[in-house]
Amino acid sequence: MSRRGGYTTMTPTEITATRKLADGRQMPVMGFGTYLLNDQPTMNTAIQTAWDAGYRMFDTAMLYRNEDILGPAIQQLGLPREGLFLTSKVAEIVQGYDQTMKAVEGSLKRLQTDYLDLLLIHWPVREHFFDTWRALEQLKADGQVKSIGVSNYTVAHLELLATKAKEMPVVNQVEYHPYLNQQALADYDQEHDIVTEAWSPLGRRVVLDDPMLAKMAAHHNKSVAQVILRWELQHQLVTIPKSTHPERIQENANIFDFSLDIDEMTMIDLLNKNERTGDEPEIVYETGKQY
Ligand code: NDP
């Protein structure tokens, strides 16, 4: 019996595998993060490499200021819209009902598409907490967005949202890696049919120098990055590593030919230090912006 729900048995066997969301739609188990991809040639090379390696989900945000190069990259490379899963996120500065409705129009224009597969609230913001979510519910009803979710929500934020939401988020995208495994939150998500999606799944490289992970990786003839991403999938998370290097984009996708046993999963779980690389959601909630 495992320490946490969701170990090993349901592990996907290929990068194009999907998870069923609570709204009935499917979401790829692995996607490509685009934060800091900020020029057209780099974006085009990354997206082409990722597509060739089998990634079908691309994660952007208003805040990354790169929707207007991701959209053209998809067009220029001739990738079929219906074969893609596009995620974007509502920035703190445009939260609130009317502002969100308007801001999403801008995202669709920049991404050169008439719908998003998934729209997330990037961070919880106290002032606009319920109004922004109401806008997402409306955007979904209108068909501009297929699925709606949140990002950086704690259990407390999710419980608060449940007091007024007509429907609950189907995804919660949070910082998650071996030094911050957010066990209680991931368990809560799972119990409430919310898919946990890992951002900074490689801990923005901080975790890659861990000596125990290096030994485990050598044992499997894999890289540390591959071991970490595999651990995330075996916890039934969705993961979205980012790289600008084609060989790393391919490497990160090549994690479907090995598996970690329960002892290895537990050893990685025990590396948790509650160490964030990003902001603390509660402070963003109170101040209304990333700090
Ligand atoms: P990651 O944990 O994905 O790490 C990215 C870093 O790791 C880059 O420096 C990259 O370098 C390096 N890297 C990637 N693969 C390898 C590898 N195989 N070996 C060695 N180094 C590697 O961090 P991100 O912060 O980018 O998170 C991923 C995505 O999550 C983002 O791109 C974004 O889409 C999303 N995100 C969401 C947030 C939210 O608040 N919702 C916040 C932050 C991120 P290089 O590029 O030079 O190869």
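1. Gln112 counts as partly exposed, because its relative accessibility is 40%; buried means under 20% relative accessible area, exposed over 50%, and partly exposed in between, with a 1.4 Å probe and protein chains only. Gln112 is placed in the loop between α3 and β6 (116-121). Helices (H or I, at least four residues) and strands (E, at least two) are DSSP runs, numbered from the N terminus. Although Gln112 is not a glycine, its phi is positive, at about 55°.

2. A word on the basis of these remarks: this is a predicted model, in which local features need pLDDT of at least 70 and side-chain atom pairs count only at pLDDT 80 or more, while totals for chains, interfaces and linings use all residues. Residues are numbered from 1 along each chain as its sequence is written, and side-chain values use heavy atoms, with hydrogens and water left out.

3. Ser200 also has a positive phi, of about 45°, and is not a glycine. The loop between β9 (195-199) and α7 (211-220) holds Ser200. This residue counts as buried because its relative accessibility is 13%. Ser200 is also one of the residues that come nearest to the ligand, the others being Asp59, Gln173, Ser243 and Arg248.

4. Helix α9 (residues 246-253) supplies the largest share of the shell, three residues.

5. An oxygen atom of the ligand lies 2.7 Å from a polar side-chain atom of Ser200. A nitrogen atom of the ligand is 2.8 Å from a polar side-chain atom of Ser151. For Pro201, a polar backbone atom is 3.3 Å from an oxygen atom of the ligand. The protein buries 91% of the 900 Å² that the ligand exposes when taken alone; accessible areas come from the Shrake-Rupley method with a 1.4 Å probe, and for residues only the protein chains shown count as cover.

6. Which pocket does the space taken by the ligand form? That space is the largest pocket.

7. Asn66 is placed in the loop between β4 (57-59) and α2 (67-77). Its relative accessible area is 0%, so Asn66 is buried. The side chain of Asn66 reaches two backbone oxygens: that of Thr34 at 2.8 Å and that of Leu37 at 3.2 Å.

8. Tyr55 is found in the loop between α1 (40-53) and β4. With a relative accessible area of 0%, Tyr55 is buried. From C-alpha to C-alpha, Tyr55 and Phe85 are 9.4 Å apart in space, and they are 30 residues apart in sequence.

9. Is Gly96 buried or exposed? Gly96 counts as buried, because its relative accessibility is 8%. The loop between β5 (85-90) and α3 (97-111) contains Gly96. In sequence, Gly96 and Glu127 are 31 residues apart; in space, they are 8.2 Å apart, C-alpha to C-alpha.

10. Asp98 belongs to helix α3. Asp98 is exposed, because its relative accessible area is 60%. A distance of 18 Å, C-alpha to C-alpha, lies between Asp98 and Ser88, which are ten residues apart in sequence.

How values were computed
A residue is near a molecule or strand if one of its heavy atoms lies within 4 Å of it. A polar contact is a pair of N or O atoms within 3.5 Å; within protein, one must be able to donate a hydrogen and the other to accept it, and residues adjacent in sequence count only if both atoms are side-chain atoms. On a 1 Å grid over the protein atoms alone, a cavity is a set of points where a 1.4 Å probe fits but cannot get out, and a pocket is an open set with protein on both sides within 12 Å along at least five of seven lines; lining residues have an atom within 4 Å of a point. A molecule sits in a cavity or pocket if more than half of its atoms lie within 2 Å of its grid points.
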